[in-house]
Amino acid sequence: MFLAAIATPLVASPPLLAQQKDAALTSPTPALPAAPVAEKRPHETVLHGKKLSDPYHWLKDESYPVIDDKDVLDYVKAENAYFDAAMKPHAALVETLFQEMKGRIKEADSSVPQKDGDWVYWVEYEEGAEYKKWYRRPASGSGDAVLILDEVAMAKDKEYFRLSDVSISPNGRLMAYAVDDNGSERFEVRFTDLASGKPLPDVIPGTLSSLVWTANNDALLYGLANENWRTDNVHVHRLGTPVSEDVRIYKEADIGFGVGIGKTADDAYIVIATGDNETSEVYLLPADEPGAEPMLVSARQKGREYSVDVREKTLYIYTNDDHANFRVATASLDKPGEWKTLIPGSDATYITGLAIFRDYFVLEAREQGVDQVDIRKYNAPLTPGRITFPEATYVAGLGDNPEYHQDKLRLDYESMVTPDTVFDFDVASKKLETLKVQEIPSGYNHDDYVTELVNMPARDGTPVPVSLVYKKGTPRDGSAPMHLYVYGSYGYRVPPGFSTTRLSLVDRGMIYAIAHVRGGDDLGRAWYLAGKTTARKNTFNDFIDVAKGLIAAKYTSAGKISIEGRSAGGQVMGVVYNEAPELWGAVLAGVPFVDVINTMVDETLPLTPGEWPEWGNPITDQAAFDFMLSYSPYDNVTAKAYPPMLVSAGLNDPRVTYWEPAKWVAKLRATRTNDAALLLRTNMGAGHAGKSGRWGALREDAEEFAFVLTQLGVEQ
């Protein structure tokens with residue numbers, strides 16, 4: 001056995017919450033109540049011969065995902081009360097920020113309508129509403145708008161509400177949708193007869209997948225969450241039959257693989273895809289024969305990712321099998337595993353996506369960090385058809401394009417200084433038509449702001465891109481405060497797009513920066529691979545070195561930088577909090593993945609087995625264990641002065657469980673040598689994404705920015 005657990009019972013338990021003084025926020029405020037301090041309960045684990053002490057292990061409720069341990073809840077509630085007390089003196093600033101942010105959002109707003117079959121669909125927000133309403137009207141133009149889904153009504157009196165998927169049957173008569181009302185990502189599927197507007201009696205609980213209709217309009221494919229809250233299956237539900245009679249048509253045996261469902265562009269096949277973070281396998285199923293045997297496209301090969309679409313009996317495969325930046329290949333339906341290159345992989349061009357249409361296909365790509373959208377004809381696949389956009393740096397990609405045949409492509413576009421813009425691109429004339437530009441009711445002038453893309457050297461000499469936006473006239477003498485954001489994992493790029501929220505920092509003289517560190521895929525797939533598993537420390541080093549480079553270039557100064565990261569980006573916060581505390585004036589760590597070892601050895605947790613390819617498996621691999629232990633934020637807290645920090649968590653979060661940030665804050669309070677502000681805010685009725693609804697989430701942003709501004713001493 002690699003892992004032996006030794007739980008030492010206490011002879012006598014001290015009170016749950018010992019009390020010790022913890023200073024208020026650094027700006028003058030009324031005295032705070034004493035900060036809650038979690039008691040220490042001896043708990044040890046032995047892994048690869050090393051004994052690990054975890055005195056806050058008890059904060060993990062053993063009945064999870066049910067959380068009903070009184071001691072645990074008392075501690076979490078005490079931290080929330082302390083957060084409220086610490087922020088109370090800044091209530092006016094929070095309200096000012098909230099109203100600013102709200103004033104930049106058009107309250108009565110709607111999406112650009114889009115045709116799908118015989119109907120045109122769109123969503124609307126009403127004045128003051130937290131949630132959307134879904135509408136459609138006949139594409140013929142004769143007929144009124146019909147409300148088909150009312151999130152406002154469904155969310156009434158609920159602390160949390162999330163609609164995860166809305167799926168209309170091919171004939172447009174039936175609708176399936178999935179709802180989560182507590183943030184746990186445990187969804188319930190419901191159905192509506194759109195012809196009558198009445199709900200159907202069918203209800204499927206416990207789902208965690210997309211919803212895909214068969215071609216016959218009488219059955220729905222979906223995936224159930226298993227006992228570890230992973231989707232390892234595909235089921236078929238026939239309307240009007242008991243859910244207990246639903247047939248399972250696929251079951252994945254590898255506990256690290258998750259299963260997803262989709263449809264080919266021509267709607268002829270249902271796609272069943274299974275895989276983890278580095279390996280995939282795809283099956284095709286005729287959309288009109290859900291009971292048929294799924295056809296394997298190509299058996300899984302470790303480290304190979306691929307996806308599949310179909311056009312006229314030809315498979316189009318997007319894969320990284322012979323180049324890290326992906327290629328496009330084709331194969332026949334008769335011999336699906338025999339792939340021939342259509343678009344070769346390239347060091348210069350990172351293909352990020354492939355979309356198939358009747359008369360052309362579209363490559364989404366990135367070159368030198370800049371998005372490209374490229375339309376190719378089937379009879380001339382190597383001839384570029386790149387769309388030209390109006391700025392040098394931007395974020396652009398395909399928008400909502402539901403139909404197989406489209407003369408115009410719907411595109412989304414924005415930049416650090418340009419609000420979200422919806423275009424239609426006429427494929428024949430090659431002209432862009434602006435359909436909508438995000439409206440900012442309180443006013444916004446593009447010319448008042450400056451955006452830059454700069455490179456800062458990492459310690460190994462690698463230039464790391466940084467996107468910046470600031471107000472014209474902001475001094476470049478080191479006196480400006482800065483907010484530096486990061487993610488840096490899973491090959492996800494933080495797009496340098498537009499944000500109305502961040503204007504509340506920028507308009508107060510702060511420079512807003514995004515560090516495009518290794519671990520994301522900003523500069524291609526190799527950029528991602530250079531920040532995962534044994535190369536993970538590049539991500540942390542890049543972030544610290546970017547900050548030092550920005551200081552050296554006089555954009556800001558040490559101690560004037562607030563930093564932010566969420567989830568895996570929160571892990572970056574934890575590491576750099578330990579390694580370079582002198583650089584940061586304030587830290588925002590959202591749902592942070594900081595208890596790395598304890599999480600990655602617990603294969604019962606929803607995400608753990610699928611995460612081993614990303615981080616390493618510390619259960620079976622001692623080298624991976626030693627490496628992860630060397631940076632795990634929770635395991636590397638030491639007695640030193642730490643800067644101010646606000647940590648957020650969600651009690652129902654299945655991705656980064658609430659006890660990770662709770663344990664981390666508890667250990668920091670007991671270990672650090674100073675009394676800077678250290679706050680933990682746990683959403684008691686939400687999950688990984690925080691509060692739902694437009695205004696609830698916005699108020700949390702206002703609280704976080706108020707914390708940053710007061711800690712940095714920025715004028716209110």
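Axes here are lines fitted to C-alpha atoms, for helices over the stretch in contact, and angles run from 0 to 180 degrees between N-to-C directions. The model is predicted.

**Exercise 1.** Describe how helix α6 and helix α7 pack.

Solution. 
- Two packed helices are described by the angle between their axes and the distance between the axes.
- For α6 (residues 537-552) and α7 (residues 568-579), the angle is about 65 degrees and the axes are 10 Å apart.
- The α6/α7 crossing is right-handed.
- From α6, Thr539, Phe540, Asn541, Phe543 and Ile544 make the contact; α7 contributes Gln571, Val572, Met573, Val575, Val576 and Glu579.
- Sorted by class, this contact has seven nonpolar, three polar and one charged residues.

**Exercise 2.** Give the strand order of the open sheet containing β30 to β33, and find which strands stand at the edges.

Solution. 
- The order of the four strands is β30-β31-β32-β33, with antiparallel pairing.
- β30 (395-398) and β33 (431-437) each have a single partner strand, so they are the edges, and one side of each lacks a neighbour in the sheet.
- From one strand to the next, the twist averages 25 degrees.
- β32 (residues 421-426) pairs with β33 over six bridges; Phe423 has Thr434 in β33 as its bridge partner.

**Exercise 3.** Is Asn617 buried or exposed, and what does its side chain reach?

Solution. 
- Asn617 lies in the loop between α9 (608-615) and α10 (622-631).
- Its relative accessibility is 17%, so Asn617 counts as buried, the cut-off being under 20%.
- The Asn617 side chain reaches the backbone nitrogen of Ile619 at 2.9 Å and makes a polar contact with the side chain of Thr620 at 3.5 Å.
- Leaving aside neighbours within four places in sequence, Asn617 contacts Trp612 and Ala624.

Terms used:
Residues numbered from 1 in each chain as written. Predicted model: local features only at pLDDT ≥ 70, side-chain atom pairs only at ≥ 80, totals over all residues. Heavy atoms only, no water. Helix = DSSP H or I, 4+ residues; strand = E, 2+ residues; numbered from the N terminus. Left-handed = near helix turned anticlockwise from the far one by under 90°. Contact = heavy atoms within 4.5 Å. Nonpolar A, V, L, I, M, F, W, Y, C, P; charged D, E, K, R; others polar. Pairing = 2+ DSSP bridges. Buried < 20%, exposed > 50% of the residue type's maximum accessible area, 1.4 Å probe, protein only. Polar contact = N/O pair within 3.5 Å; in protein donor to acceptor, adjacent residues only side chain to side chain.
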